[in-house]
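Please look over the structure shown below before reading on. The report that follows moves through it one region at a time.

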Amino acid sequence: MSTVAKVIVDVPTMQTDRPFDYLIPSVLAGEIRPGMRVWVQFGSGKRQVSGMVVGLAEAPAFDGELKPILAVLDPEPVMDQERLDLAHWLAQTTYAFWITCIQTMLPTMLKVDTVRYVTAGPAASDATAALLAGRDQLELTPDLDPATMAQILTLLAHEGLTLHYQSKDRAKVKTVDHVVPLLTPEAYAELQTTVRANAAKQQLLLTSLANWATTKQTPSVKTIETTVGLTRSQLTAAAGKGWLRLEPREVYRNPYPQYTGEKLTTPLPLTTDQQAVVSQINDATGAKRAETFLLEGVTGSGKTEVYLQAIAKALAMGRTALMLVPEIALTPQMVQRVKGRFGNAVAVLHSGLSDGEKFDEWRRIARGEAAVVVGARSAAFAPLTNIGLFIIDEEHESSYKQDDAPRYHTRDVIRHRAALHHAPVVLGSATPSLESRARAEKGVYTLLRLPNRINHQALPTVSLIDMREAYQNGAQGDFSKELLTALQLRLDRHEQSVLLLNRRGYSSFVMCRECGYVVQCPNCDISLTLHMDTHTLKCHYCGHEEAIPHVCPNCGSNKIRYYGTGTQKVESALHELLPAARVLRMDVDTTRKKGGHEKILRAFGNHEADILLGTQMIAKGLDYPDVTLVGVINADTSLGLPDFRASERTFQLLTQVSGRAGRADKPGEVIVQSFNPDHYAIRYAQKQDYEGFFRQEMAIRHRGDYPPYFFTVKVTVSHQDEQQAAKAIYSLANELKQALSDQALVLGPTPGAIARLKNRYYYQIVIKYKNEPQLGPTLARILDETQQSTRRGFQIGIDREPVNFI
Ligand code: ADP
Ligand code: ZN
Ligand code: ZN
């Protein structure tokens with residue numbers, strides 16, 4: 001019998017980042033399992049904290065007195081062994097605290113401020129009554145003595161009690177009332193003879209009750225109201241007579257009520273290309289092979305149908321499937337299609353749900369009631385078991401990387417889980433990340449391609465408008481004559497248009513309006529970032545700094561300035577230029593409220609507007625048959641991003657948004673306005689030529705020693721005192737330079753773009769390397785040393801393969 005529990009305590013510091021031994025009180029012997037949260041005393045004082053049991057031991061590792069576990073917070077484990085291991089692995093690979101990783105994997109409702117209480121269960125006994133002592137419910141507080149807790153655990157195991165959760169400030173578990181017949185069918189028949197024959201409702205109720213008692217049914221009040229025609233007040237009155245009992249039962253909140261009850265869709269007959277792809281994936285699923293596929297399919301090539309039929313295969317084997325999408329709010333159509341095919345077997349997890357909804361979905365998954373999970377990044381940790389297939393849609397999206405600790409990439413988490421589950425992974429995109437495409441080139445991933453649209457529908461024609469000349473040709477404001485004419489044509493034909501205002505890298509860089517020149521770092525080939533506070537341009541990689549130029553170094557024009565235009569400004573310009581057009585605007589301001597995205601998208605789908613104007617959030621996953629024009633107002637801003645991925649991001653954005661046009665029988669047209677129409681990223685996007693872009697971009701990355709040829713790590717230090725932060729980062733840079741080989745490049749230190757954030761000063765270093773066995777240990781040591789000094793106010797962040805260099 002285990003007497004010791006190994007506990008990770010909720011004290012996120014380096015010194016406490018390991019399991020501590022606690023004594024299991026004898027009354028709780030056999031009840032405590034890994035994956036349960038417990039309440040313990042920590043340190044020398046009286047401080048009490050929560051912790052996660054990660055293991056058990058027969059005896060303590062050392063002699064000495066162990067502190068006992070004070071209370072058990074979870075009557076059943078909230079993490080299984082797979083996810084406990086996953087948390088440990090995550091902590092090690094992302095340099096995050098173990099407890100932080102554990103908390104990342106649990107829903108908010110399982111935070112300590114959640115109230116847990118028990119009520120009498122279906123198999124309530126004398127012991128239940130003794131425990132509740134006349135109360136309806138008993139709250140499980142950390143100060144419950146272990147003996148009482150042990151009793152509660154035993155009763156829960158035998159359904160003598162039912163467990164409930166309620167967050168302190170939010171709604172508790174939702175219930176609906178059910179009718180439970182209390183008498184025998186014979187007794188009801190007997191009663192019928194005593195009730196007047198013309199009391200029709202009473203007779204009906206008694207007949208129904210007799211029927212339910214015979215068939216052991218307990219229908220909900222709502223069902224009875226609609227199907228039998230009895231009212232709640234009649235049922236309540238009958239409860240008063242002791243004929244029945246109204247029992248509140250827990251129901252799950254359904255975040256997508258509009259999709260349930262619909263008839264399920266049937267699989268489409270696959271095209272030859274789709275068939276080839278599906279059979280390769282299903283082969284791996286069938287053979288339980290943890291193979292990673294990169295599915296490169298142009299927009300509209302039918303990737304979603306491939307996912308659906310691959311999921312069906314996993315389900316047919318009795319396994320489950322986990323599908324990740326970049327941001328669900330932006331892809332309601334994807335959720336609709338998965339729910340439409342698999343109905344209630346689907347659980348949806350994302351940040352747009354209320355905590356209660358999230359918790360309900362999470363429990364449905366943990367209890368094995370959902371076989372398909374669709375979710376955004378954090379759903380990578382969904383408590384699914386027996387997973388037979390993993391899918392990451394739009395795998396190139398930067399939202400798959402988490403910026404805060406733990407700084408993980410969803411792809412790594414998924415591939416790690418896939419290996420454990422012996423299941424394949426499908427990474428899908430029309431514009432795969434260079435890293436993934438390069439891995440496919442090397443044979444690490446299996447490349448699958450869907451080079452054509454369904455029914456060989458043509459990709460839309462893309463015209464480039466050179467904005468450097470547009471003003472001589474009748475452009476008005478941000479609109480070229482060509483774009484205005486095309487918009488007018490759609491209005492005349494009652495077709496729809498999508499307008500993209502690219503706000504990536506918005507007004508953070510300086511560009512010449514005459515020649516399109518963007519000021520770049522002489523050392524790094526990366527755009528310099530505008531710092532308004534110091535009126536300088538800075539390189540975020542190497543720290544190079546120069547004054548903001550007054551004339552363009554390229555053409556001598558004085559029209560060099562920072563670039564920027566807002567959606568609101570464009571919207572009012574549209575009203576003036578095209579007064580007849582009905583415009584829907586989608587940006588951070590109009591989508592702040594819950595469900596805001598969906599509302600706008602639904603309105604557009606219902607033809608309540610002619611033009612959908614938005615930021616990059618409109619580029620994803622929309623499939624509207626009547627959209628025949630996509631206009632890009634400014635293709636350039638993302639080229640100015642101070643990031644070696646600027647070209648890749650621009651290519652992806654333009655290709656994705658172009659894919660929104662002409663998806664049904666009407667041909668599509670795309671108009672891209674640019675000050676840099678000769679830039680290769682824009683040229684390849686015009687041809688929708690991913691492979692061409694890939695080759696050229698790889699050559700450029702090779703020349704600059706950038707990923708995927710080199711790996712990168714970003715180390716950030718912050719302190720409230722600027723001097724202290726600067727001093728720390730320079731000594732850290734020295735330490736790294738000494739520890740690493742001369743093949744590694746240590747860039748910086750540089751101040752963060754937002755030099756001061758929440759009263760802290762940030763400095764960073766970027767390390768580029770190929771093969772550095774010393775890097776891992778050195779970073780771990782640095783982390784360790786810095787943690788010793790957290791009391792002096794330092795914070796350090798280590799980010800492997802950062803997607804954000806600002
Ligand atoms: P992608 O995800 O690659 O952009 P979609 O999955 O949205 O492409 O497919 C584009 C359109 O083609 C959708 O309207 C979809 O219903 C339709 N489609 C997909 N596969 C088939 C098929 N085998 N037969 C007929 N239509 C299909
Ligand atoms: Zn110029
Ligand atoms: Zn530089």
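Predicted model: local features only at pLDDT ≥ 70, side-chain atom pairs only at ≥ 80, totals over all residues.

Cys-524 is found in the loop between strands β20 and β21. When its neighbours within four places in sequence are set aside, Cys-524 is in contact with Cys-539, Tyr-541, Cys-542 and Tyr-706.

The UniProt record, in an unreviewed entry, places a feature called "binding site" at Cys-521, Cys-524, Cys-539 and Cys-542. Cys-521 is placed in the loop between β20, residues 510-512, and β21, residues 529-531, and with a relative accessible area of 3% it is buried. If residues up to four places away in sequence are not counted, Cys-521 touches Ile-526, Leu-528, Cys-539, Cys-542 and His-544.

Is each of them buried or partly exposed? Cys-552 counts as buried because its relative accessibility is 2%, whereas Cys-555, at 39% relative accessibility, counts as partly exposed. Not counting residues up to four places away in sequence, Cys-552 touches Cys-512, Cys-515, Tyr-517, Ser-557 and Ile-560, while Cys-555, with the exclusion of residues up to four places away, touches Cys-512, Glu-514 and Cys-515.

## Two helices side by side

Two packed helices are described by the angle between their axes and the distance between the axes. For helix α19, residues 646-658, and helix α21, residues 690-703, the axes come within 11 Å and cross at roughly 170°. That angle makes α19 roughly antiparallel to α21, because angles over 145 degrees count as roughly antiparallel.

Which residues meet where α19 and α21 are in contact? Ser-647, Glu-648 and Phe-651 in α19 meet Tyr-690, Phe-693, Glu-697 and Arg-701 in α21. Sorted by class, the contact of α19 with α21 has three nonpolar, one polar and three charged residues.

## A buried arginine

Arg-490 has its place in helix α16, which covers residues 481-493. Its relative accessibility is 4%, and Arg-490 therefore counts as buried. Leaving aside neighbours within four places in sequence, Arg-490 is in contact with Glu-495, Ser-497, Thr-628, Leu-629 and Glu-669.

## The division into domains

The protein is divided into domain 1 (4-111), domain 2 (113-169), domain 3 (175-250), domain 4 (257-450), domain 5 (461-507 + 564-701) and domain 6 (711-800). How far apart do the C-alpha centres of domain 3 and domain 5 lie? The C-alpha centres of domain 3 and domain 5 are 61 Å apart.

Methods
Residues numbered from 1 in each chain as written. Chains lettered and ligands numbered in written order. Heavy atoms only, no water. UniProt positions renumbered as here; feature names shortened; annotations may be inferred. Helix = DSSP H or I, 4+ residues; strand = E, 2+ residues; numbered from the N terminus. Buried < 20%, exposed > 50% of the residue type's maximum accessible area, 1.4 Å probe, protein only. Contact = heavy atoms within 4.5 Å. Axes fitted to C-alpha atoms, helices over the stretch in contact; angles between N-to-C directions. Parallel < 35°, antiparallel > 145°, perpendicular 65-115°, else oblique. Nonpolar A, V, L, I, M, F, W, Y, C, P; charged D, E, K, R; others polar. Domains from an automatic or database assignment.
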